[in-house]
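Hello,

Here is the structure we talked about handing over. My notes on what turned up follow below it.

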Amino acid sequence: MKIADVRRTAYSMPLVNPSFPPGPYRFIDREFMIITYRTDLAALEKVVPEPLEIVEPIVKYEFIRMPDSTGFGDYTETGQVIPVRFNGQEGGYVHSMYLDDESPIAGGRELWGFPKKFAQPKLAVEKDTLVGTLHYGSVLCASATMGYKHVPCDKEKVLASLLAPSFLLKIIPDVDASPRICELVRYYLEDVTIKECWTGPGALGLFPHALCNVSQLPVLEVISALHIKTDLTLGLGEVVFDYLKDGEG
């Protein structure tokens with residue numbers, strides 16, 4: 001293979017058998033359960049990187065079922081999103097993500113900088129309850145429950161929340177383990193269709209684990225629970241701050 005061939009074909013590893021195909025990445029019947037909760041401000045201050053600003057001591061804990069996604073297939077994901085502000089624009093900082101499929105782990109980390117790790121999240125209906133669990137190996141790290149389809153939500157309000165920007169800290173090391181890339185990335189969801197959205201009673205428990213530390217942002221009070229079914233496209237990102245070049249250091 002010639003140098004020019006490498007430059008022409010390279011976009012992911014391995015070079016001749018990439019872990020994921022090029023986008024765009026479209027999701028059909030993508031299902032969310034989002035438990036919004038109040039947490040400890042000091043705990044948030046330890047994990048939200050400048051120049052992002054904390055809006056209030058709130059976390060959104062998300063379980064997401066993706067049964068039909070181009071390139072990535074069928075998988076489940078869970079994690080924490082923190083409401084933040086960047087240069088006056090409000091959005092969400094994606095703090096943690098755990099999922100059960102290698103392709104979107106590789107694609108998410110390499111392209112956008114999603115903080116993805118392999119684990120065993122699940123989202124399913126059990127009788128009258130929507131249930132989300134996260135196991136890291138055999139250990140239960142998160143458990144969320146919500147009354148199934150109790151009260152319809154305002155679709156326009158939910159759509160506006162999904163169209164707000166999200167922020168990621170993309171880190172790629174050099175061969176000596178020093179940071180080669182360390183960037184704040186902004187991305188948007190696109191072409192979003194809200195098929196269903198519901199609210200109801202919700203509960204969330206987070207449990208300590210050395211390598212799956214969702215409990216470091218403790219649940220002080222559950223504020224709301226939201227259940228959504230959507231079609232959407234995951235837009236590619238843009239770099240809005242370079243930690244190796246911008247700022248005072």
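Is V16 exposed or buried? V16 counts as exposed, because its relative accessibility is 68%. (Buried means under 20% relative accessible area, exposed over 50% and partly exposed in between, with a 1.4 Å probe and protein chains only.)

Before the rest, some ground rules. This is a predicted model, in which local features need pLDDT of at least 70 and side-chain atom pairs count only at pLDDT 80 or more, while totals for chains, interfaces and linings use all residues. Residues are numbered from 1 along each chain as its sequence is written, and side-chain values use heavy atoms, with hydrogens and water left out.

**Overall**

The protein chain has four helices and 16 strands. These are DSSP runs numbered from the N terminus: helices are H or I with at least four residues, strands are E with at least two. The C-alpha atoms fill a box of roughly 60 × 40 × 40 Å along the principal axes. The radius of gyration is 18 Å, which agrees with the value near 18 Å for a compact globule of 249 residues. (That radius is taken over C-alpha atoms; the globule rule is 2.2 Å times the number of residues to the power 0.38.) Of the 249 residues, 45% count as buried.

**Cores**

The largest nonpolar core has 34 residues. Within this core, M33, L52, Y61, I82, L134 and L217 touch the most other members. Strand β9 (residues 139-147) gives the most to this core, with four residues. Another core lies apart from it, with 31 residues, including F20 and Y75. (A nonpolar core is a set of buried Ala, Val, Leu, Ile, Met, Phe, Trp, Tyr and Cys residues joined through side-chain atoms within 4.5 Å.)

**Surface patch**

Back to V16. This residue sits in the loop between α1 (3-9) and β1 (25-38). Together M1, V6, L15 and V16 make a nonpolar surface patch of about 380 Å². (Patch residues have over 30% relative accessible area and no salt bridge; like charges are joined within 9 Å, nonpolar side chains (Val, Leu, Ile, Met, Phe, Trp, Tyr) within 5 Å. Areas come from the Shrake-Rupley method with a 1.4 Å probe; for residues, only the protein chains shown count as cover.)

K116 is in strand β6 (residues 116-118). K116 is buried, because its relative accessible area is 5%. Beyond residues up to four places away in sequence, K116 touches E77, M97, L99, P104, I105, G108 and R109. (Contact means heavy atoms within 4.5 Å.)

P67 is in strand β3 (residues 58-69). P67 counts as partly exposed, at 34% relative accessibility. Leaving aside neighbours within four places in sequence, P67 is in contact with I28, D29, G73 and D74.

**Salt bridges**

The count comes to 11 salt bridges. (The rule is a side-chain nitrogen of Lys or Arg within 4 Å of a carboxyl oxygen of Asp or Glu.) Here are some of them.

- R8 and D5 meet at 3.2 Å, N to O. Both lie in helix α1, three residues apart, about one turn of the helix. R8 is exposed at 63%; D5 is partly exposed at 25%.
- E221 and R38 also meet at 3.2 Å, N to O. The pair links distant parts of the chain, strand β15 (residues 221-234) and strand β1, 183 residues apart.
- R85 and E90 meet at 3.1 Å, N to O.
- D29, K195 and D231 are linked in a network.

Best wishes
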